[in-house]
Amino acid sequence: MQAAKLFGSSETWFLVGGTTCGIQAAIMATCSPGEHIILPRNSHISAISAMVLSGAIPKYILPEYDCKWDIAGGVTPSQVGKAIKELQMDGKKPAAVFITSPTYHGICSDLSDISQLCHAYGIPVIVDEAHGAHLGFHPQMPHSALKQGADLVVQSTHKVLCSLTQSSMLHMSGSIVDRERICRCLQTLQSTSPSYLLLASLDAARAQLGENPGTVFNKALELASEASTIIKMIPGISVLDLSSFNEFPAIDPLRLTLGFWSLGLSGYEADDILDRDHGVISELVGTQSITFAINLGTCREHTQRLVTGLKKLSMSFLHSKITEMRVESREHAPFNDICISLNPRDAFFANKRSVSIKESLGKVCGELICPYPPGIPVIIPGEVITEKALNYLLDVRKKGAVITGASDSHLSSIVICDV
């Protein structure tokens with residue numbers, strides 16, 4: 001009850017299964033078997049497992065994408081509106097719209113307009129706000145999803161706030177979603193023997209935030225702003241801002257995403273040097289960039305170490321013979337010819353077998369294959385495996401991306417549905 005009051009929800013549930021559990025419960029509470037859900041292609045893997053559990057059928061939106069940074073953004077209200085109308089033309093109405101905001105890189109979608117649009121059709125809005133539990137608690141921060149009219153919001157309280165790992169919160173607002181159905185879904189998904197260490201840490205995080213909700217992030221924001229200002233002046237290092245994603249209202253000021261292509265370095269190479277030589281550990285590594293997260297535990301010593309490491313990195317590589325890395329324009333190459341043969345639930349329960357990557361072409365994929373970065377699933381269970389998708393996967397793996405979801409992370413073989 002105290003958390004609901006602090007975050008501005010009508011009801012809040014403490015979760016001991018992480019935001020994964022909350023996303024699964026939210027989708028199961030709004031989508032029945034055979035109903036459609038609109039969601040971005042870069043949704044967390046828990047949204048895919050939620051479709052397996054609920055039997056919901058995906059209607060994907062391709063997120064905005066910047067090929068220079070190799071980073072996916074959010075979705076726009078016009079994209080959501082287009083998806084709703086496309087389903088209507090087929091005589092269908094979506095049971096829910098699912099949005100990730102902010103993204104791992106801190107890019108926020110216009111949830112206010114998306115919520116207004118969806119509510120005009122009576123469609124509930126679910127927001128994966130895993131990386132945004134702190135939003136709305138300072139004038140310099142973007143508004144929270146609840147403030148912008150979302151119906152169900154799931155937050156990883158352990159990410160930027162200070163609860164223990166695996167503890168999250170599910171918030172409900174409005175009256176579109178059936179509260180009792182959420183309770184039944186959570187009862188199905190969560191342990192009947194929850195960890196009271198996790199529950200107590202959630203309440204402690206709430207208490208810490210509640211003591212000074214308007215000023216608790218002053219220091220973190222000051223450190224992030226100082227660091228960003230200094231880093232922008234370091235030759236050869238780029239700082240991500242809204243100019244790369246100008247269709248979106250805000251970027252989380254506590255996320256610093258830095259590009260190194262002018263130094264001839266990939267994100268992986270820069271990350272290795274900063275880790276090995278300066279003891280700087282990043283939050284997220286990409287082909288073109290590194291993302292750092294500033295939070296309540298960050299102190300000036302940390303940001304100074306980062307800045308010092310970046311200055312030395314610049315001096316070492318700025319005048320070397322390495323030329324600026326050529327950034328290839330991918331423009332969603334692997335995602336623009338998606339063909340769904342089975343919905344995620346049917347694909348999950350289908351008989352499967354492993355075949356060589358060459359044999360997999362044209363077959364129905366039986367596993368979720370997702371390279372990090374950029375964290376967009378290239379192939380989802382039930383989709384037909386295309387040549388573009390395979391070429392893309394092999395290319396990003398060669399450049400250092402980690403392939404998740406696949407049983408063979410080296411991609412010499414792929415699991416297919418035996419249909």
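The model is predicted. Its largest nonpolar core holds 55 residues, and a second, separate core holds 33. A search of the whole structure gives 4 aromatic pairs, two of which are described below.

**Nonpolar cores**

- Within the largest core, the residues that touch the most other members are Val 80, Phe 217, Ile 231, Leu 254, Phe 260 and Leu 310.
- Helix H8, residues 218–232, supplies the largest share of this core, with 5 residues.
- Leaving aside residues up to four places away in sequence, Val 80 is in contact with Ile 38, Ile 61, Val 75, Val 97, Ile 99, Ile 114, Leu 117 and Cys 118.
- Among the members of the second core are Ile 23, Ile 48, Ala 96 and Val 154.

**Aromatic pairs**

- Phe 7 and Phe 137 form an edge-to-face pair, because their planes stand at 85 degrees, with ring centres 5.5 Å apart.
- This pair connects distant parts of the chain, 130 residues apart: Phe 7 belongs to helix H1 (residues 2–7), and Phe 137 to the loop between strand S8 (125–128) and strand S9 (152–155).
- Trp 69 is buried at 3% relative accessibility, as is Trp 261 at 2%.

**Charges over rings**

- Arg 41 is placed over the face of Tyr 60, 5.0 Å from the ring centre.
- Lys 352 has its charged end over the ring of Phe 348, at 6.0 Å from the centre.

**Backbone geometry**

- The peptide bond between Ser 101 and Pro 102 is cis, with omega about 0 degrees. Pro 102 is in the loop between strand S6 (96–100) and strand S7 (107–108).
- Gln 166, a residue other than glycine, has a positive phi, near 90 degrees. Its position is in the loop between S9 and strand S10 (168–172), and at 45% relative accessibility Gln 166 is partly exposed.
- Leu 411, likewise not a glycine, has a positive phi of about 60 degrees. Leu 411 occupies the loop between strand S18 (402–404) and strand S19 (413–417), where this residue is buried at a relative accessible area of 1%.

Key. Residues numbered from 1 in each chain as written. Predicted model: local features only at pLDDT ≥ 70, side-chain atom pairs only at ≥ 80, totals over all residues. Heavy atoms only, no water. Core = buried A, V, L, I, M, F, W, Y, C linked by side-chain atoms within 4.5 Å. Buried < 20%, exposed > 50% of the residue type's maximum accessible area, 1.4 Å probe, protein only. Helix = DSSP H or I, 4+ residues; strand = E, 2+ residues; numbered from the N terminus. Contact = heavy atoms within 4.5 Å. Phe/Tyr/Trp six-rings, centres within 6.5 Å; stacked < 30°, edge-to-face > 60°. Lys NZ or Arg CZ within 6 Å of the ring centre and 35° of its normal.
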